Amino acid sequence: MTGDPLFHDGVDLVDIGIMGLKVVVAFGFLLVATMFMVWFERKLISDMQNRIGPNVAGPWGLLQTFADGVKFFFKEDLRPENADPLVFRLAPYISAVTAFLSFAIVPVGGVFKDVPGTTGTVNIFGRETFLQVADPPIGILLLLAMSSIAVYGIMLAGWSSGSKYPLIGSVRASAQAISYEAALGMSVVAVVILAGTLSTHDIVARQAGGINTWFLVTSGVIPFIVFLIAATAELNRPPFDLVEAEQELVGGFHTEYSSIRFALFFLAEFMNVITMSAIMVTLFFGGPAGPIFFGLTWFWPTIWFMSKVMVFLFIFVWFRATLPRLRYDQLMDLGWKVLIPLSLFWLMFISLKELRASNDWNWIATYAAAAGGLLLGGTLLITALRAGDRAYQKDSEDA
Amino acid sequence: MGYLDGFKITFGKLFEERVTTEYPKEKREKPDRFHGRHVLNRYEDGMEKCIGCELCAGVCPAKCIYVRGADNPEEAPVSPGERYGFVYEINYLRCIHCDLCVEACPTEAITESKLFEFSFDNRSDAIYTKDELVVDDQGLPQKQPWELWHVGDDLKTSGWMRATASSGNPAYENRVGWSGELGYGVREPERGQQFDESEPQNVDGKDDQD
C-alpha cells in the first residue's frame, strides 16, 4: 500500500477534518516561520556585518517582521499607468501560492523505522496519517513544477509593470531559472534513481537507518552540492540575485510594486527559502531522521527536521553575507558549463551503478565503458567550450 | 582555501564586539568644537557683539542667514561700535552647520553651541530670530521648547571659533586673541592644536576640556 494510510479505508468526515487541520497548521506554521525567517536573516546578517540589526520591536526585535507586515497593509497600493491591470494584480499571487504549495509535500515529522505499516505515521484522533500535508505519487515533481510556475510570477510581474527595470529583471529571472532548473532537476533525478520512487515520504523512508543511508552519502555528495547551488539560483538569493540587483535594476521585478502586493513577493521569497531548505533535508539528509531519546516519540523527529532546516537557513544567510553577486555571464557559465555537465555526468554514473547492480554486469567492463564514455564526453565538452571561447573572443575583437 | 576564506571571515564576525552606538538610548560625548545650533554672543558688559556687517550672510553656502544692520541708538547702544545687528535670522531648515559664518565673523559674535537635537513642527519655529539666538544674562543659550538639552551641552558654545580664530593659528598657541564673553570672561584657547612632544597627545579621540 502506498500513499497516506489516512485514505486507505475510504474517506469520511474525520479524514477530511484531519486534512483540514493539517492544511491550517501547515499554513500557519509556514507563515510564522517565514516571519521569523525574515527576522533571522536580518539579525544574522547584521551580526555578520558587525551591526546590531532589528532590536526595537519586541524582545530582540522578534516582532519586526510583524510590524513591517502591518505597515505594508496600510501603504497605498500603487499601480503604474502603463501596467497591465489584470496580470499586474495576478503575479504576486502566483508567487505566493506556489510558495505555499511546494511545502505541502515535505514530511515534517514521523518516526521512520523499518517496521512495516508504521513507517513515518502518527496517530491523530485514532487515525494513522503522515505528518505532511500531501503525499502525491508524483511527489518531488510537484516541487519542480511549482518552482517553474513561480518563475511565471516573477516574469509576469516584470512584464506587466510597464517599466524597463522590472522587465530586465524578469527577463534575467526567466533565463536564470531555466538554466539552473536543468541542474536542479538532474540532481533530484539522481536521488530519485537511488530511491526508486518520486514520493517524498518514500524517499525519506529509504533513508531511515542512520547517516550511512542518507542520500547525501549514497549519492556521493555531488548531487547535493549541485542542488544547493542550483537552489540558491532558483531562489534568486545572493550571490545569484541578479533578478533584483539593486545597483543596476532598482528593485528588479518588484520595482513597481508597493503595499501588500510587494509583501506577497517578499513572503514568497522567504517562504521558498524555507521550502528549499526543507526539500534539501528531505532529499539528502534523511528528513526527520534522528535519534529518539525519551518521552514523546513523535516529537523528536520534528525537532530534528527543524534543526536540519535551521542549518540550511543559516547557510543561505551566510551565502548572502559572504559572496558578492555574480556577473551575468559568470552566472550562465556556472550554470551551463559547470553545473549541468557535472550533474549530467554524475547522473549517468549513478544510473550505471544501479544498472550494474540490478543486472549483475561485470564491473570491470562496466566501469571501463564508463571511463571511455567520460573521456569521449569530456573531450567533446572541452572542445566545445574552447570553440565557444574562441568565437566569443573573435566577436569582441571585431566589435 | 580560496573561495572558502570569505566564509570564515563572515562567520568570525558573529563573535566580534558591535561598534554601534544605539543613539537615542545612549549618547556619545560631544567634542568641544561640535557644530550645533548658533548663539549670538555678548561682551562681558552685556553689549552685543554683532555689528550687522552681514559677512556671515555673505559667506553662508546655504543662504540661511538674514541680517540687517542699523545705527546704534545714541542713548542706549546695543553694541559698542557704530552699528548693530538689527535683524538676525537663521533658517534651520537650510543651515548645514558648516560654521563658515563663525569663521567669517570679525567680532566673534556668532558661534555654535553643542545643541543639535531639536525638532520643530512648523516652519516659523525653524527660523530662529535674534530674540532666540542671543545669549541670556548669564551668557547661556536660551532654551526653546522644542529643543532637547543635555547637561553641559549649553556650556561650550565657542570651541570652533577659538580653534579657527586668526590668533588661534597653531603658531600662536596659548596666546589669546579674542574678546571676552558674557558669563565666561576671556576663554582659554584650546590646547592640542600643534604637535608638542612635551604634552601628552590626544590619542583617545576625545577633546581636551577647557
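Which side chains meet in a salt bridge at 2.6 Å, N to O? In this predicted model, the pair is A:E41 and A:R320. Salt bridges with shared partners join A:E41, A:R237 and A:R320 into one network. Over all chains, the whole structure holds 16 salt bridges.

Another residue of chain A, A:D241, sits in a loop. This loop runs between α8 (222–234) and α9 (246–249) of chain A. A:D241 counts as buried because its relative accessibility is 10%, below the 20% cut-off. Leaving aside residues up to four places away in sequence, A:D241 touches A:N236 and A:R325. With A:R325 there is also a polar contact, side chain to side chain, at 2.8 Å.

The interface between the chains comes next. Here, 13 residues of chain A are in contact with twelve residues of chain B. The size of an interface is often given as the accessible area lost when the parts come together. Between chain A and chain B, the buried area is about 1200 Å². Carbon and sulfur atoms give 64% of that area. Three residues stand out on the chain A side: A:N50, A:I52 and A:W318. Together they supply 45% of the area that chain A buries against chain B, more than any other three residues.

Polar links also cross the interface. Seven residue pairs are in polar contact between chain A and chain B, both residues being at pLDDT 80 or more. The count of salt bridges between the two chains is one. In that salt bridge A:D47 pairs with B:R18, and the closest N and O atoms are 3.1 Å apart. Two helices of chain A, α1 (13–48) and α11 (299–322), each supply at least two residues of the side that touches chain B. The most comes from α11(A), with five residues. By class, this side of chain A has eight nonpolar, three polar and two charged residues.

Chain B has its own architecture. Its secondary structure comes to six helices and five strands. Along the sequence, these elements follow the pattern α-β-α-β-β-α-β-α-β-α-α. Of the 210 residues in chain B, 40% are buried. Among contacts between residues at least 6 apart in sequence, 69% join residues at least 24 apart.

B:E48 forms one with B:K130, with the closest N and O atoms 3.0 Å apart. B:E48 lies in the loop between β1 (38–40) and α2 (55–59) of chain B, and B:K130 in helix α5 (residues 130–133), so the pair ties together parts 82 residues apart in sequence. Both B:E48 and B:K130 are buried. The side chains of B:K13 and B:E16 meet in a salt bridge too, at 3.5 Å, N to O. B:K13 counts as partly exposed, at 25% relative accessibility. B:E16 also counts as partly exposed, at 36%.

Terms used
Residues are numbered from 1 along each chain as its sequence is written. Chains are lettered from A and ligands numbered from 1 in the order in which they are written. This is a predicted model: local features need pLDDT of at least 70, side-chain atom pairs count only at pLDDT 80 or more; totals for chains, interfaces and linings use all residues. Side-chain values use heavy atoms; hydrogens and water are left out. Contact means heavy atoms within 4.5 Å. Buried area is the accessible area (1.4 Å probe) that two parts lose on being put together, summed over both. A salt bridge is a side-chain nitrogen of Lys or Arg within 4 Å of a carboxyl oxygen of Asp or Glu. A polar contact is a pair of N or O atoms within 3.5 Å; within protein, one must be able to donate a hydrogen and the other to accept it, and residues adjacent in sequence count only if both atoms are side-chain atoms. Helices (H or I, at least four residues) and strands (E, at least two) are DSSP runs, numbered from the N terminus. Ala, Val, Leu, Ile, Met, Phe, Trp, Tyr, Cys and Pro count as nonpolar, Asp, Glu, Lys and Arg as charged, and the others, Gly among them, as polar. Buried means under 20% relative accessible area, exposed over 50%, partly exposed in between (1.4 Å probe, protein chains only).
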